[in-house]
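Student: I would like to learn how to read a model like this one, feature by feature. Can we begin with a single side chain?

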Amino acid sequence: MSKTKITPEEALAYHLEPRPGKYEIVASTPMATQRDLSLAYSPGVAVPVQAIADNPATAYDYTVKGNMVAVISNGTAILGMGNLGALASKPVMEGKAVLFKRFADVNAIDIELDTEDADEIIKAVSLMGPTFGGINLEDIKAPECFIIEQRLKEIMDIPVFHDDQHGTAVICAAGLINALEMTGKKIEECKIVLNGAGAAGIACLELLKAMGARHDNCIMCDTKGVIYQGRTEGMNQWKSAHAARTDARSLEEAMVGADVFLGVSVKGAVTPEMVASMADNPVIFAMANPDPEITPEEAHAVRADAIVATGRSDYPNQVNNVLGFPYLFRGALDIHARAINDEMKIACARALAALAREDVPDEVAMAYGRKLSFGRDYIIPTPFDPRLIYVVPPAVAKAGMDTGVARRPIIDLKAYEQTLKARMDSTASILQGIHARAKQAQARMIFAEGDDPRVLRAAVAYQRAGLGRALVVGREADVKEKLDIAGLGDAMRELEIVNAANSRHLDQYKDFLYNRLQRTGFDRHDVHRLAARDRHVFSALMLQHGHGDGLITGATRKSAHVLSLINHVFDAKASDGAVGVTALLNKGRIVLIADTLVHEWPDENDLATIAIKAAGVARNLGLEPRVAFVSFSTFGYPVSERATKMHVAPKVLDRMKVDFEYEGEMTVDVALNPDVMSQYPFCRLTGPANILVVPARHSASISVKLMQEMAGATVIGPILTGVTKPIQICSTNSTVNDILNMAVMAACKVG
């Protein structure tokens, strides 16, 4: 893997534009009118003031305290740069604040304290307790960081967490759980050598001992060698606590027979000879930044059986604190915790370890730039895994409740999981509903393209999620090979592989197809070729004959081509009432756009049909339909023959007496922005439209792809509706998750 190159100019520009710094404060309540201001400040604010004075716990209800963390530093140990002072640490602390928001929707504010006096920092931070739900200490040098954290934990009633210590320790523990499971070793029996007796190193060893590692099996080394019982030179109380009974005096001696090496020291501290002297299947966490104690290449050159992790993103198994602190605080804040204790940290580590053993979504592999499956090069999840937000905080919260640090325990952890999903992804609540319905439906889902790894992994996910039976169309040997490559070889026996070459239904399918196509220029030979050799047609025939309940296709061929093949078996043309509806999800909103698949240039009657079908999809997704016929004109101006059909289409619906709201023609801002819509008081919509019926397929395609690329919208669809059986056509750039979502849509018969 190549190291990402970032120029100094790019880095400065990133922090300068569009405005200096990395975050801004945005009001979450209305601030427009005098009444708003009276509620926000005086006199309205007096009511929650009194409520909090009467019952301090209500501060979590009426203020941001419950979702607010202070990121605090004095700049004495900035990244790998050393003591550059409080002001210089501000870009790092701002960065930490936005990571809290990005990964766990935790609001965080950076506070830089211009002092190296531990007592002054303790005093300053303790006085800020009422403001925050938690304190994240960062980049404060040892030994002051130990003194500051310990004292603040004693005197404050909110979590205090020094991330340089415990963040590294938690991720390190998660990786070690999996490395030891893979090598069949038990932590109680392992010989562990740590190099680097600073904040992170000491915290790593403390956490591993809390998880069962034995004191005398853990050897800590610093620049002067092994920290052994009786050593006096260069010692302090924190090192002394980890002094072991051992004859080893140097790192080299300590490494002989070691099962685990943990490095939070300096580049080159470990030699190939030291690695060669370790036990079988050695675990090497070389976490020095920016360059590890020994590179994975150097370690593997002498020990092919080594499992290696580093702090670097350009190597496998990155020990990255962003996997820990956002989710630890999320779980702690949500139970109004008094502290983050060892049990919560261990729960975090175990949840991370378990997640790494699950199949990895496509989006994650794409973000990481390589195929990921549990193994020696993937023992720690990546920060891009969207499941972290709803897997880790519930584990942390439960541990906090079990150990009595929760002020407000969570009663329903399943419901809590759903609220976490909704925090990070606007699709979550909608997808949760249809996933639940799909689970009830237990549909036999036909996956037409069994030669595509994405489709295979979606099929495995569909079945393993308990959604129903996955029927994969393909050749057994081909499917097996691709599953093996994807790290899912064990799924082969779970899936039902259907091959046209040995299907006992093939003659029945061919008879049906010949009767359907004989007067449209197809002879028996053409029909055999279609039914036996084209997987899209064969899969459609399976569905038509009830040998499956839904069909997923289109991941490998253009949707228009796939639709033309499906039309050999089903009536899925514009004239048959078929319509494609695409769901766009962005900034907590969902908007359906139609027709995105079938109608090239619909007339006013087609547009009315499209609106009716789209309204059906909306209701299937749990939305009350509000249709806008959109154009470049609004209610007759400017006049144009291109806009006329959009003007006439609502009149067609008037005659049909449909049971949903509709209006048009109008521009998109009128349809979606209530303030702009209010300029047209006669408009029949009671709120922003959630269905946009567009003039033609090209405008639909442009709209969807523009929203996807420019706004980062989540796209589900096109959802094919108006066909007698559930068929969903994916796009060729679909991820595993997209394909799974389409399967769920088909299972629920959306459309």
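Tutor: The side chain of Asp-334 makes a polar contact of 2.7 Å with that of Tyr-416. A polar contact is a pair of N or O atoms within 3.5 Å; within protein, one must be able to donate a hydrogen and the other to accept it, and residues adjacent in sequence count only if both atoms are side-chain atoms. This is a predicted model, where local features need pLDDT of at least 70 and side-chain atom pairs count only at pLDDT 80 or more, while totals for chains, interfaces and linings use all residues. Residues are numbered from 1 along each chain as its sequence is written, and side-chain values use heavy atoms, with hydrogens and water left out.

Student: Which residues does Asp-334 touch beyond four places away in sequence?

Tutor: Contact means heavy atoms within 4.5 Å. Asp-334 touches Arg-408, Ile-410, Tyr-416, Leu-420 and Arg-423.

Student: What does H14 pack on?

Tutor: Start with the sheet. Two strands pair if DSSP finds at least two bridges between them. Here four strands form an open, parallel sheet in the order S2-S1-S3-S4. Neighbouring strands are turned by 25 degrees against each other on average, direction ignored. S1 (residues 68-73) and S3 (residues 134-137) pair in the parallel sense over four bridges. H14 packs on this sheet and touches S1, S3 and S4; its direction makes about 160 degrees with that of S3. For such angles, axes are lines fitted to C-alpha atoms, for helices over the stretch in contact, and angles run from 0 to 180 degrees between N-to-C directions.

Student: Which helix lies across S3 and S4?

Tutor: Helix H7 (residues 144-155), running at about 165 degrees to S4.

Student: What should I look for in the backbone?

Tutor: Most residues other than glycine have a negative phi, and most peptide bonds are trans. Now the exceptions. A cis peptide bond joins Ala-594 and Asp-595, with omega about 0 degrees. Asp-595 lies in the loop between strand S16 (589-594) and helix H26 (604-620). Another cis bond joins Tyr-637 and Pro-638, with omega about -5 degrees. Pro-638 is in the loop between S17 and helix H27 (641-656).

Student: Which phi does His-336 have, positive or negative?

Tutor: Positive, about 50 degrees, although His-336 is not a glycine. His-336 is in the loop between H14 and helix H15 (342-356).

Key. Helix = DSSP H or I, 4+ residues; strand = E, 2+ residues; numbered from the N terminus.
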